[in-house]
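Colleague: I'm new to this one and would like to go through its disulfides with you. Could you put the structure up before we start?

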Amino acid sequence: MARRGAAALALALALLAVALARVGAQGAALQAPDYYVQETWSREPYYARPEPEPEPFSPPLPAGTGNGEREPRPPESRPPKTATKPKKAPKREKLAPEAPPPGKNSSRKGVRTKSSEKAASDDHSVPVARDKVREGCPPLGLETLKITDFQLHASTSKRYGLGAHRGRLNIQAGINENDFYDGAWCAGRNDLHQWIEVDARRLTKFTGVITQGRNSLWLSDWVTSYKVMVSNDSHTWVTVKNGSGDMIFEGNSEKEIPVLNELPVPMVARYIRVNPRSWFDNGSICMRMEILGCPLPDPNNYYHRRNEMTTTDDLDFKHHNYKEMRQLMKVVNEMCPNITRIYNIGKSHQGLKLYAVEISDHPGEHEVGEPEFHYMAGAHGNEVLGRELMLLLLQFLCQEYLAGNPRIVHLVEETRIHILPSLNPDGYEKAYEGGSELGGWSLGRWTHDGIDINNNFPDLNTLLWEAEDRQNLPRKVPNHYIAIPEWFLSENATVAVETRAVIAWMEKIPFVLGGNLQGGELVVAYPYDMVRSLWKTQEHSPTPDDHVFRWLAYSYASTHRLMTDARRRVCHTEDFQKEDGTVNGASWHTVAGSLNDFSYLHTNCFELSIYVGCDKYPHESELPEEWENNRESLIVFMEQVHRGIKGMVRDAHGKGIPNAIISVEGVNHDIRTASDGDYWRLLNPGEYVVTAKAEGFTSSIKNCMVGYDMGATRCDFTLSKTNLARIREIMEKFGKQPVSLPARRLKLRGRKRRQRGGRANT
């Protein structure tokens, strides 16, 4: 434990040094151009700027005051302004007083209205403490589901599917309208008496409101202005004031871009209510929202204790832009130089290097008999939780290895691990500029040239299935290592440079198992991701290794803190509890050219998509809890690379045979040996008939048993060359060509005649 504490302290001090260098000299300690040449911009962390903070205002609620909204003011008292999506982040110097956004970044690409700015200058009756720093409060958790359905209430609703429980920021509607899973809270009537409220269940310092319109393919509904009220008992309400009158906040000008309104001063209360005052002319009162607030200390509050999450791991829990990510990688590499190596697999469209970190006891080389594993994240640039989990995992593996954790030491020494935290750094930088709450659902999802990397791989499924359907014709397509079509390799093909980099990476390294981390849901998806029936959008499409994939998916989901919890609320519309937090990709939604299907059909790698959270871009304060949710799952999933059989395929002289085919009876999917003749075949426990074959060699068959204990069963093969292959080898060795048999016979007959004639003459 002392060694572990020393390692954690050393890494913490190193991370602190990096943070100070970033704030001060912009990372002067790292002057190598390799680290900085791809940086697009830099920014100070929001906590580095001291700013004046108004005193929190607790609303006076005298007995008998009554509801302040009995006589609603007409919306004309302050006409709302149309919120537009700016091309650049809002300029901070326009704020008076300057107030940092409540998310992680000092630049926002959503919409911040000026209501709070004007209110701060108009309301002179509020005492302001200029010597204090106004802190940005995090979201209460409507989007992350920390706020339960029972904490959301509304005046009326059109139907259950449009109830208050659906009024969550970035919630997505189901495929069908008029179902239980619509994309907003919508009031039952369009009048000034409608409201939606949140019960924080404890005194909270409310600082802001973020709103969106309704998520719908067919309808346009959003609120253009609203009032905000607070209460301590849900009966007596006080409206946020603008000087002497009620304050009208600007709402949305379309349905997807989030709009932030900060309160002129923090309001301390238990309940907060939003009262729409105007809405889109051709629409209805519909909205999604998030509340920003800092819960006040209350150790006696049951709900607070239940939702508290702490971690004992001393890691860098923050969001990292491109430069900070690279700096963190270097810190880990310097802490653990003997087991880490930083390399890149290519560049993004904007020229940012796609950095990966290798973790192994012999970094930089493939060890014969040691399986290769990879994690990658950030194919969708705005799904940033996976990226941060990868960076946390790097730190954790380094710390625990130095501390002598037997489990981690064994994993590192017996596995070659590759971690690629950001596959789409161009998209991430866009999302990072927008920030956690104002980025929306899609900002930064695609590459710079508008390509979805996750669906940008060649469609090998169709080639395989068409070959299987041609039963009367000779089979021209194998069941594995299917070649990439020529059209895909052409320069004119719509293929992202990031996609080509991943393909080259996976062709170079013999990966056995991999996971790509995504966001927006909480489930593990396994292939196939493409339906076999052309006329369907959802259809269970299992691979020949379906039982193995289901186990791999369950190994992650079952060890996650929430995925298999039957009591948890669904993220958006899908309930994955019937399969214990796992799903066949094609039965969820069909995708042609997915990474999972490509890996399975073109390489030996079994790839799964791991969706790590409902919120694609959680607030920085949520990272410790998300790490605790996923830490054990991340380790357990890596350990599954050692399940099944492994071994060597050699010739009679003991030399490894590359590209030998390993077939398992009853499973119509083969794998191949690596360049040294070693192989790994993931299998569930059981007894299998395994065949090894290679061109020019006779086949070999063995019975291989896979047990329940962790660790692959050793199953080696020695192949003998065929007679024809031996003859060819001998001829090539002596530089001779085989002689045809009829000519050889004529030559022998002539020799015998000459011999007989010679004896007769004597």
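Modeller: A disulfide here is a pair of cysteine sulfur atoms within 2.5 Å. This is a predicted model, in which local features need pLDDT of at least 70 and side-chain atom pairs count only at pLDDT 80 or more, while totals for chains, interfaces and linings use all residues. Residues are numbered from 1 along each chain as its sequence is written, and side-chain values use heavy atoms, with hydrogens and water left out.

Colleague: OK, how many disulfides does that rule give?

Modeller: The count is five, and with bonded cysteines numbered along the chain the pattern reads 1-4, 2-3, 5-6, 7-8, 9-10.

Colleague: What does Cys186 pair with?

Modeller: Cys186 is joined to Cys286, with an S to S distance of 1.9 Å. Cys186 belongs to strand S5 (residues 185-186) and Cys286 to strand S13, so the bond ties together parts 100 residues apart in sequence; strands are DSSP runs of E, at least two residues, numbered from the N terminus.

Colleague: And which hand does that one have?

Modeller: The torsion about the S-S bond of Cys186 and Cys286 is about 115°, so this disulfide is right-handed.

Colleague: Switching topic, is Cys137 buried or exposed?

Modeller: Cys137 is buried, at 1% relative accessible area, where buried means under 20%, exposed over 50% and partly exposed in between (1.4 Å probe, protein chains only). Its disulfide partner is Cys294, at S to S 1.8 Å, and Cys294 also counts as buried, at 13%.

Terms used. Helices (H or I, at least four residues) and strands (E, at least two) are DSSP runs, numbered from the N terminus.
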